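Please keep the sequence and the structure in view while reading.

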Amino acid sequence: MKEILEILENNPKIKPEEISTMTGMTQAAVASKIKEMEKKGIIRKYKTVIDWEKAGEEYVYAIIEVKVALRDRKGYDSIAERVAKFPEVRSVRLISGDHDLSLTVRGTSMKEVAFFVAEKIAPLEQVQGTVTHFVLRTYKEDGEILFEKERSERLAVSP
Amino acid sequence: MKKNVQNALLYRREGMAGKFVAEKVRNIPPSGIRKFFDLVLEMDGVISLGVGEPDFITPWHIREACIYSLEKGFTSYTSNLGLLELRELISKCFRKDYCVEYNPKNEVLITTGVSEAADLAFRAIINPGDEVIVPEPSYVSYKPSVSLAGGEPVPLATTLENEFRVTADDIEKSITDKTKALVLSYPNNPTGAVMGKNNLEEIADVVNEYDLAVISDEVYCKLTYNGNHTCFSSISGMRERTIVLNGFSKSHAMTGLRIGYAAGSEEIIGAMTKVHQYAMLCAPITAQMGAIEAMKNGDGEMKKMVREYDRRRRLIVDGLNRLGLDCFEPKGAFYAFPSVKSTGMTSEEFAGRLLKEQKVAAVPGDVFGDCGAGHLRCSYATSREELVEALGRIEAFLDTL
């Protein structure tokens, strides 16, 4: 199972035939294993890492640190769930340290992101305060380095 | 590069200085790989299955350790034997993996790649005229190294029927009263063959009976796909007779850093160190620092690479067999060794035409010994995408025949 996941993690487009050859499992077994993992939510979704900047899209990202005051015995989960429902919010994490939640927010301008935080996040009852860090450049995303790819300068033939 | 080749040719033609070249060196045939390399160099868009090194770049934590060592100013000589910390780590690794004890103080020698270690081993044990049995197909440098050390290499053919494993019987038949040593190199370059413990035990009996030394090049030991590798010196009675050669090039993708080691009895390592201290002094310290990091923290990345090789291995072996190029299952290293006999071509013809017509480079098997004729060495240390593309091109080539 881990073997299949390791293969898919870096290339979700790979065909079950190829996975079957590489793992020695039958094609049917590979297909059913993948189905099963999709159903169980082990495989959450197939995603493409895009360098939007290179594609000419001017997205603005910000990391928002949120200080939460817990009320009415509602834990972090409830506020996190609420925040996560905004499509502008790309990720929500509970973190240790000075703040409690860390959000990634995407918008088309700094103003849009700033107003989103001011209007939708800051006024929430449990939110005590927010700090917004705008992202200036992304160097690595989901394990993918966005620099020029490193190439091995091997000789074409060697013993 | 092309210009250099031309210059070299010009130089050769003038023939002025040729008379100075020693006979021993002149008599060594040039590597067959070299000829093929020059051909490939002249072409663009070639997919190469001809490379004997990983396509992974050295894991970052190892490179980082090298850089850090430079920043700290570690640029001096080390002990002739190499940094003690590295020798201790290697010794620990032998104990853990194979239950063989080597004293890090005098039974482990750090060398500038396994090639140097092999050269030292031959020079340390060979007297003029001594014969050394070299099972083939094999890595290209054993025979010339034996010759340069004044010995007589005795090639010993292995066969596809036996999945290119050398047998105790075959070895026994090659033994004369001049036989001094036996070379073992499993997992094997170029065939991908591995030896089981029982195979090695049978060989150990012959080695004992005829009082031979063994040079066991185990540089691909971490790259096995069907059970673990057995170190030859871990076979009962073999420790004193064996020089184990190993290194970091293949397991940790560190080829260009040139770092390897030899382990053996104090007497032999002492003799090798004598040659090493005059010829090389010590292995480069930066590479030694990288090797320490590799030994300490490199297992995770290494295992990841091995798992990826295994996937590619299945991909290429399956692909070649489907195309009708019979390929036995290689259980180690990163080479497939398919037969091209069904096409009626020699390996050289096949490789030459495949390169010219479809731009896929694979090394003709006879480069690694006469018994490799009719085979190709296809390295699968290249990306899956390239492997699939190469298989497609080979199919197109076969269709034109």
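Within chain B, 34 residues of domain 1 are in contact with 36 residues of domain 2, where two residues count as in contact if their C-beta atoms, placed from the backbone, lie within 7 Å. On the domain 1 side of chain B, the elements that give two or more residues to this contact are α12 (299-322) and β9 (335-336) of chain B. Helices (H or I, at least four residues) and strands (E, at least two) are DSSP runs, numbered from the N terminus. With 6 residues, α12(B) gives the most to the side of domain 1 of chain B that touches domain 2 of chain B. That side comprises 19 nonpolar, 8 polar and 7 charged residues; Ala, Val, Leu, Ile, Met, Phe, Trp, Tyr, Cys and Pro count as nonpolar, Asp, Glu, Lys and Arg as charged, and the others, Gly among them, as polar.

The model is predicted: local features need pLDDT of at least 70, side-chain atom pairs count only at pLDDT 80 or more, and totals for chains, interfaces and linings use all residues. Residues are numbered from 1 along each chain as its sequence is written, while chains are lettered from A and ligands numbered from 1 in the order in which they are written. The model scores ipTM 0.74 and pTM 0.88. For chain B the mean pLDDT is 94, and 97% of its residues reach 70 or more; pLDDT is the predictor's confidence in each residue, from 0 to 100.

The two domains of chain B are domain 1 (2-58 + 301-399) and domain 2 (60-297), with bounds that come from an automatic or database domain assignment. Taken over C-alpha atoms, the centres of domain 1 of chain B and domain 2 of chain B are separated by 24 Å. G298(B) lies in the loop between α11 (285-297) and α12 of chain B. Is G298(B) buried or exposed? G298(B) is buried, because 25 other C-beta atoms lie within 10 Å; a residue is buried if 20 or more other C-beta atoms lie within 10 Å of its own, exposed if 12 or fewer, and partly exposed in between, with C-beta atoms placed from the backbone. Leaving aside neighbours within four places in sequence, G298(B) is in contact with P59(B), I62(B), H252(B) and E293(B). The C-alpha atoms of G298(B) and H61(B) are separated by 8.2 Å, although these residues are 237 residues apart along the chain.

The helix α12(B) has 24 residues and reaches 34 Å from its first C-alpha to its last, close to the 34 Å expected at 1.5 Å a residue. The expected span of a helix is 1.5 Å times one less than its number of residues. Several residues of α12(B) are buried, including M305(B), Y309(B), I316(B) and L320(B). The buried residues of α12(B) pack against α1 and α2 of chain A, together with β9, β12 (376-379) and α14 (384-399) of chain B. Just after α12(B), G324(B) takes a positive phi of about 90 degrees.

How many residues of chain A are in contact with chain B? The contact joins 14 residues of chain A to 23 residues of chain B. On the side of chain A, the elements that give two or more residues are α1 (2-10) and α2 (16-23) of chain A. Of these, α2(A) gives the most, with 3 residues. By class, the side of chain A that touches chain B has 6 nonpolar, 4 polar and 4 charged residues.

The overall form of each chain may now be considered. Chain B has 14 helices and 12 strands. A compact globule of 401 residues would have a radius of gyration near 21 Å, and chain B, with 21 Å, agrees; this radius is taken over C-alpha atoms, and the globule rule is 2.2 Å times the number of residues to the power 0.38. Buried residues make up 48% of the 401 residues in chain B.

Chain A has 5 helices and 6 strands. Its radius of gyration is 21 Å, whereas a compact globule of 159 residues would have one near 15 Å. Along its principal axes, the C-alpha trace of chain A spans about 65 × 40 × 30 Å. Buried residues make up 14% of the 159 residues in chain A. The domain assignment of chain A gives domain 1 (2-40) and domain 2 (60-138), whose C-alpha centres lie 36 Å apart.
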